[in-house]
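Have a look at the model first, then read on.

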Amino acid sequence: MLTLTCPYCGIAAEETELQPGGEAHLKRFGPGSTDEEFEAYLFARKNPKGVHFERWRHAYGCGKWFMAARDTATLQVFGTYSAQTPHPTPEIVAAIRAHRPDWQPDWTEAPADTPAESLNA
Amino acid sequence: MAEALAKISQVQDWGMIQIRADLTRAGDAIAGAAGVALPGQGRITTDGSRSLGWMSPDELLLVLPRAETAEALAALQDALSTEHALALDVSDMRAVFRIQGAKALDVLMKLCPADLAAMPEDGLRRTRAAQVACGIWREPGGYVLIGFRSVTDYLRGILTGAAAPGTQLSPR
Amino acid sequence: MTETGPFRLPRGGRLIDRAYQLPFRFDGRQMRGVAGDTLASALLANGQLMMGRSFKYHRPRGPIASGAEEPNALLGLGQGGRFEPNQRATTTPLVGGMATTSQNCWPSLNADIGAINNWMYRFFPAGFYYKTFMHPRPFWKHVFEPIIRRSAGLGKAPTEADPDKYEQAYAHVDVVVVGGGIAGLTAARDAGRDGKSVWLVEQTPHLGGRTPTDHADGQARVDALLAELRGMANVTLRRSTQATGLYDHGYLLVRESLADHDPNAGIPRQRLWRIRAGHVIVATGALERPLSFAGNDVPGVILASAVRDYIDLYGVAPGRRIVVVTNNDDAYRTALAALDAGLEVPVVIDARSTAEGALPAAVRARGVRVLTGSAVAGIKGGHGVEAVKICAHSGSGQVTETVDADCVAMSGGWSPVVHLWSHCGGKLNWSDAQSMFAPDPNRPPTGADGKAMASCVGAAAGDLLAAELTGAQAEAATMPVWVMPAHATRKMKFKMWLDFQNDVKVSDVELAAQEGYHSVEHTKRYTTLGMATDQGKVSNINGLAVLSNALNQSIPATGTTTFRPPYTPLTLGTIAGEARGEIFQPLRKTPMHGWHESHGAFFEPVGHWRRPYCYPKGGESHGDAVAREIRAVRASVGTLDASTLGKIIVKGPDAGKFLDMMYTGMMSTLPVGKCRYGLICNENGFLSDDGVAARLSEDTWLVHTTTGGADRMHGHFEDWLQCEWWDWKVYTANVTEQWAQVAVVGPKARVLLERLGGKIDLSPEALPFMGWIEGEIAGIPARVYRISFSGELSFEVAVPANRGLELWEKLHEAGRDLNVTPYGTEAMHVMRAEKGFIMIGDETDGTVIPQDLGMSWAISKKKADYIGKRAQERSFMTDPGRWKLVGLESLDGRVLPDGVYAVDQGVNANGQRKTQGRVTSTYMSPTLNKPIAMGLVRHGPDRMGEVLEFPVAGQESYKARIVDPVFYDKEGSRANG
Ligand SMILES: [Zn+2]
């Protein structure tokens with residue numbers, strides 16, 4: 001049973017205080033998207049053995065959703081971070097790299113001036 | 001029969017106001033209207049009969065004598081009128097229990113997965129008590145536990161059960 | 001001899017207090033033990049060697065061990081609600097007055113009919129059930145299954161509720177040391193000296209482990225450690241506390257026995273500790289392995305370490321003439337202990353070609369014959385050992401000598417107890433030198449930080465002697481002996497037990513290998529090796545060694561089966577903890593719950609809420625009560641406790657924009673003071689919840705959800721706000737329980753409310769349909785919504801929860817002459833169905849979209865987006881062949897059964913009748929005095945008047961005509977009063 005530290009209140013909460021929310025950083029596809037895009041958004045999940053980014057809600061606590069970077073095989077937690085970020089933060093990437101030098105991010109950083117809304121609309 | 005580990009009693013005369021706002025912007029206005037200093041992350045501040053608890057990065061709970069609730073709510077709404085904020089009377093949706101006695105921590109350790117022994121003196125911890133959500137902070141001689149009104153009987157049941165005489169957690 | 005049994009030794013017994021005698025019963029016979037005895041030691045002292053029978057062959061069995069690993073001595077304990085099967089006699093403290101029973105035997109332990117299986121062992125090989133009972137098929141159902149069901153199962157399940165209490169507790173500890181032997185005590189002391197918070201848990205009531213028994217100054221060494229530990233405030237020692245499993249991130253489950261020894265103490269019997277450990281030190285020692293020789297399961301064949309435990313700890317002689325058989329030096333300690341206790345040791349049989357260490361020398365010096373290169377060829381005796389047949393170990397079992405004996409102390413070497421280490425991924429190495437698997441410190445179980453969350457010390461780490469701690473002298477190597485003698489015949493292997501509880505023998509494992517079961521996990525399941533309640537603690541290594549030999553590969557190549565928690569069984573009571581009886585679940589109660597109870601309400605669960613289903617009067621049936629309630633509402637006025645409806649405040653400059661995304665309809669255009677019904681779908685397009693939203697002010701809405709939907713919808717809102725549109729300025733608050741809500745419903749609803757008086761105008765002009773107003777009713781601040789779920793004139797009155805009961809009582813007082821009637825959820829359901837209103841959970845099941853329900857009117861065409869919109873554009877969502885909502889009118893006056901399917905022409909690929917629809921809601925309508933139903937039917941709305949057939953097994957098919965789903969007041973005039 002996992003323990004994850006909520007980045008909003010600093011509490012190390014155990015799994016029974018948390019609600020899982022599946023893969024993090026999904027890009028929403030709404031009306032106007034193709035069937036393939038929508039299918040991928042709604043159903044296709046990475047489910048890797050290894051580094052994974054997940055959504056968790058501090059349900060029996062502050063009620064906030066946060067993200068966790070975790071190894072699904074060893075359950076090592078590389079870090080938790082704000083849900084209000086379109087991609088894992090550089091700190092999280094560095095923490096993962098420190099333990100998994102071979103691991104590569106599979107996203108490209110958006111330009112710094114791109115508003116969050118357009119990334120997730 | 002030995003004594004219960006702690007005295008469990010229900011508090012009926014507290015009022016509560018839920019406040020949601022950007023605490024960095026509106027913190028001072030809230031503290032001013034509430035008459036209690038703004039608590040830090042995971043803390044609760046107390047001034048006389050009022051306490052202000054940190055519930056989340058954008059949520060506070062003002063605990064005060066029930067009779068003062070309406071006036072305090074109006075003061076808060078007034079102070080926050082220019083902010084994007086929410087202040088609500090939630091006095092009726094809570095159940096409040098006091099757990100008083102030398103072994104009060106034992107009672108809570110049977111119900112809550114949180115490390116309450118490590119909670120700071122002025123800490124406020126939201127967690128669960130057995131199967132329901134709760135918030136816990138210290139008061140002289142013990143702890144305060146707040147939960148939801150609909151499960152008052154359940155809370156009383158689990159607290160009383162956990163405080164049963166002879167069930168202290170120290171090794172025998 | 002003393003009164004406490006013929007096999008109690010005149011002196012000795014480190015753990016017993018002879019001054020306190022304890023009477024107890026075994027299979028109805030009176031016996032006496034002493035304080036400090038286990039049940040097993042007390043039975044042995046009384047000469048009761050046979051304690052049960054095995055599972056499959058019903059072989060007579062005595063204990064082979066003295067601790068948690070015991071596979072044989074399983075008893076039923078207690079009576080009535082306290083009866084508990086499969087309790088290990090070796091770990092059960094003797095309690096005065098205890099009543100115990102043997103298991104797996106009928107009519108009695110000595111004359112058991114099931115033992116016929118034993119004579120037929122050749123016909124019950126591994127996989128027997130799989131092979132035999134497959135064909136012919138009808139035999140399975142009518143012959144084999146009933147017989148197997150009657151004879152299967154270990155022990156009997158208790159039939160009454162458990163009267164004992166149990167509890168759980170959480171702890172957060174820096175270092176938890178598991179095992180109170182000398183290695184554990186030393187590790188706890190070291191961690192304690194470092195200033196860490198330390199727990200040491202020990203499964204038995206005694207600290208010190210084997211050291212006091214096995215080493216000359218052992219007790220002094222233990223005492224010195226205990227003295228220092230007891231002086232450390234940061235160290236907690238818990239005895240009678242069993243670590244059962246280690247899980248992710250240092251989560252350790254530990255069972256503490258509080259009143260197992262004293263059922264009348266008035267405290268919980270056991271406590272389950274849920275510990276978060278910074279680090280776990282596994283100091284669980286090692287377990288001795290049996291030797292596989294023919295007849296190794298005869299009562300009186302006991303592990304060598306257990307024999308000396310019974311002598312040293314309890315002052316009990318397991319036999320008077322003890323033959324030791326071994327492949328290592330350690331077992332010689334048993335010979336010495338037996339001699340010291342005045343017992344005979346006629347011979348030590350050692351499989352090794354030489355035995356020249358200090359221990360064998362000490363035994364020889366006492367005049368005991370040591371036969372090296374020797375083996376046991378067989379055991380004479382059935383219910384107990386009578387003699388031991390000896391042969392050369394290198395041969396095939398030709399008997400060279402027979403020695404009379406009543407006990408055999410066997411030792412096949414030791415295996416570290418690696419369960420906790422392995423539960424969460426710690427890896428093992430095979431040691432050829434010591435013939436054992438031991439933890440590999442380089443591959444530990446890892447925690448949240450990626451570092452080791454456990455480490456092993458002492459014997460558990462593979463340091464069997466722990467010489468540094470115990471002062472033991474070096475011992476000669478253990479010789480791997482997996483079958484004794486080395487070239488035993490097939491016939492002998494039929495009598496060599498590996499798994500004593502499940503009756504798995506060397507011959508079974510060899511057969512499994514021969515039949516192609518090469519994976520140890522498959523062999524385990526095929527033979528049931530290690531699948532009994534002891535989980536193969538003494539059998540697994542021997543079993544996989546035999547399998548490896550049969551497969552002609554090394555033991556590490558075969559590998560171990562997975563170690564799974566719990567290490568020893570947990571009672572269901574500890575797992576449930578406090579959750580039983582009144583506090584099994586949190587029951588949510590409205591402010592008016594007590595009134596409902598005192599007025600005879602029959603409650604139904606809705607989520608965790610308890611809601612009145614109806615209020616039967618006198619001897620009224622539930623059906624009659626519901627009909628009466630409906631007629632009263634439609635004729636005059638009724639009240640429904642609607643407090644459970646979810647109430648969520650949504651506030652902020654972007655609240656309208658946000659609600660437009662949440663609902664299929666348009667909420668941003670709702671004028672202040674008005675209400676609007678809305679539907680909420682999930683992103684997959686399916687209907688998730690519904691309810692009425694009210695606009696309280698320019699930037700504030702109050703959203704009603706279904707009773708079960710409040711927390712779910714609040715979470716849904718917060719999810720989108722926090723994770724998708726985090727720059728939108730919206731705050732939500734779930735205020736469901738702040739308000740008590742009463743639906744006042746019926747043509748006289750306004751009359752009744754106006755009687756209560758107050759500063760509020762409820763006239764149709766001031767409060768039209770789908771409007772809300774704030775004011776005061778009977779002196780109580782109230783918000784009144786004019787919304788209707790019944791089709792009648794209806795006011796939903798919300799007041800602060802603390803005043804809900806007051807409002808409710810005043811309504812009933814003021815409306816007596818109006819026959820104001822409290823009504824329950826069933827009357828509400830029937831009335832909404834009469835009006836053709838859908839119910840989330842009835843008309844919807846997670847696969848239904850609003851368009852299926854003819855609710856396109858509730859979907860905004862103007863909006864570019866809402867949650868579920870894109871999904872509803874998918875081709876199968878727009879397929880005209882989807883089943884759609886219609887009314888169904890029973891042709892013969894029978895109420896259609898809920899959920900039945902309408903059949904279509906033809907059959908599907910499986911040969912089943914095709915279907916074209918199903919019933920979603922069905923009731924007897926008291927208003928219309930006829931059955932009504934709704935259902936989803938293919939092309940339903942285009943097929944008005946058609947008749948569908950609903951076959952039901954054992955009954956004449958139901959027939960129903962497709963009709964409009966609105967059965968009552970199609971014009972909707974009644975809502976206006
Ligand atoms: Zn949190």
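This is a predicted model: local features need pLDDT of at least 70, side-chain atom pairs count only at pLDDT 80 or more; totals for chains, interfaces and linings use all residues.

**Chain C against chain A**

- Together the two chains bury about 2700 Å², and carbon and sulfur atoms account for 48% of that.
- On the chain C side, the residues losing the most area to chain A are C:Gln722, C:Trp726 and C:Arg870, which together make up 26% of what that side buries.
- As for polar contacts, 18 residue pairs link chain C and chain A, counting pairs with both residues at pLDDT 80 or more.

**Domains 5 and 6 of chain C**

- Chain C is split into six pieces: domain 1 (2-129), domain 2 (166-287 + 416-470), domain 3 (290-412), domain 4 (481-553), domain 5 (586-835) and domain 6 (836-974).
- The C-alpha centres of domain 5 and domain 6 of chain C are 26 Å apart.
- Across this boundary, 42 residues of domain 5 of chain C are in contact with 45 residues of domain 6 of chain C.
- About 3400 Å² gets buried between domain 5 and domain 6 of chain C, 61% of it on carbon and sulfur atoms.
- In domain 5 of chain C, the residues that lose the most area to domain 6 are C:Arg832, C:Glu834 and C:Lys835, together 22% of what that side buries.
- How many salt bridges are there between domain 5 and domain 6 of chain C? The count is four.
- C:Glu792 and C:Arg974 form a salt bridge, their closest N and O atoms being 2.8 Å apart.
- Polar contacts between domain 5 and domain 6 of chain C come to 29 residue pairs, both residues at pLDDT 80 or more.
- Several elements of chain C give two or more residues to the domain 5 side of this boundary, including helix H20 (622-635), helix H21 (655-662), strand E33 (675-681), strand E34 (687-697) and H22.
- Helix H25 (825-834) is also one of those elements, and H25(C) gives the most to that side, with seven residues.
- The class tally for the domain 5 side that touches domain 6 of chain C reads 19 nonpolar, 12 polar and 11 charged residues.

**The two domains of chain B**

- Chain B is assigned domain 1 (7-11 + 93-162) and domain 2 (14-91), and their C-alpha centres lie 22 Å apart.
- Here 13 residues of domain 1 of chain B are in contact with 13 residues of domain 2 of chain B.
- The two domains of chain B bury about 1300 Å² between them, with 64% of it on carbon and sulfur atoms.
- B:Arg94, B:Leu124 and B:Arg126 supply 41% of the area that domain 1 of chain B buries against domain 2, more than any other three residues.
- The rule finds one salt bridge across this boundary, and B:Asp122 and B:Arg43 meet in a salt bridge at 2.9 Å, N to O.
- Six residue pairs in polar contact turn up between domain 1 and domain 2 of chain B, both residues at pLDDT 80 or more.
- On the domain 1 side, strand E7 (94-100), strand E8 (124-129) and strand E10 (142-148) of chain B each give two or more residues, and E7(B) has the largest share, three residues.

**Aromatic pairs**

- Over all chains, the structure holds 20 aromatic pairs.
- Why does the pair A:Phe53 and A:Trp103 count as tilted? The ring centres are 6.0 Å apart and the planes of A:Phe53 and A:Trp103 sit at 55°, so the pair is tilted.
- This pair links distant parts of the chain, 50 residues apart: A:Phe53 is in strand E4 (residues 51-57) of chain A, and A:Trp103 is in the loop between helix H2 (90-99) and helix H3 (116-120) of chain A.

Methods:
Residues are numbered from 1 along each chain as its sequence is written. Chains are lettered from A and ligands numbered from 1 in the order in which they are written. Side-chain values use heavy atoms; hydrogens and water are left out. Buried area is the accessible area (1.4 Å probe) that two parts lose on being put together, summed over both. A polar contact is a pair of N or O atoms within 3.5 Å; within protein, one must be able to donate a hydrogen and the other to accept it, and residues adjacent in sequence count only if both atoms are side-chain atoms. Domain bounds come from an automatic or database domain assignment. Contact means heavy atoms within 4.5 Å. A salt bridge is a side-chain nitrogen of Lys or Arg within 4 Å of a carboxyl oxygen of Asp or Glu. Helices (H or I, at least four residues) and strands (E, at least two) are DSSP runs, numbered from the N terminus. Ala, Val, Leu, Ile, Met, Phe, Trp, Tyr, Cys and Pro count as nonpolar, Asp, Glu, Lys and Arg as charged, and the others, Gly among them, as polar. Rings of Phe, Tyr and Trp (its six-membered ring) pair if their centres lie within 6.5 Å; planes under 30 degrees apart count as stacked, over 60 as edge-to-face and the rest as tilted.
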